[in-house]
Amino acid sequence: MHPNISENFYQKLEAPTDLEDAHIKMSCHQHAVDDFDLQIQMNELEQSMLCDGEDVLPYQTGKMDDLEQKKLKLLLGKRFHRNASRAYWFYIMKADK
C-alpha cells in the first residue's frame, strides 16, 4: 500500500492480477485524469462566460453556483483517479523489486 493513500481507499480499487494488469489499470486512471483536466478547463471557460469583467452577471449567479458545484465534483473525481493511478504505480514499483 502506498504510504500516502489511506487504507480504506483500496476498497474502491480492483486488485491487479499481475504486473501487466497493474500497468493497464494505472494507464486507464491516468487517461481519466487527463479527461477530468479537459472537463475542468471547459467548466472554467463556461464560468468566465458568465462574467462581465471580474463580476458575475446578476442573472447568472444560479448558473455560476451550479458550475462551482460541478467543478468540485470534477476535482473530487480527478483526485480519485490520480490516487488510483499512484496506488497501481506503487504496486508496480514494489513488485519490480
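**Note on pockets and core**

1. The lining of the largest pocket has four nonpolar, four polar and two charged residues. Here Ala, Val, Leu, Ile, Met, Phe, Trp, Tyr, Cys and Pro count as nonpolar, Asp, Glu, Lys and Arg as charged, and the others, Gly among them, as polar.

2. This is a predicted model, in which local features need pLDDT of at least 70 and side-chain atom pairs pLDDT 80 or more, while totals for chains, interfaces and linings use all residues. Residues are numbered from 1 along each chain as its sequence is written, and side-chain values use heavy atoms, without hydrogens and water.

3. Among the residues lining the largest pocket are N4, I5, F9, R79 and F80. A pocket is an open set of points on a 1 Å grid over the protein atoms alone, where a 1.4 Å probe fits, with protein on both sides within 12 Å along at least five of seven lines; lining residues have an atom within 4 Å of a point.

4. The lining of the second largest pocket has nine nonpolar, one polar and two charged residues. Its residues include M1, L13, A87 and Y88.

5. Nine residues form the largest nonpolar core: I5, F9, L13, A22, M26, A84, A87, Y88 and I92. Such a core is a set of buried Ala, Val, Leu, Ile, Met, Phe, Trp, Tyr and Cys residues joined through side-chain atoms within 4.5 Å.

6. K78 is buried, with a relative accessible area of 16%; buried means under 20% (1.4 Å probe, protein chains only). Leaving out residues up to four places away in sequence, K78 touches V33, F36, D37 and I40, where contact means heavy atoms within 4.5 Å.

Key
Buried < 20%, exposed > 50% of the residue type's maximum accessible area, 1.4 Å probe, protein only.
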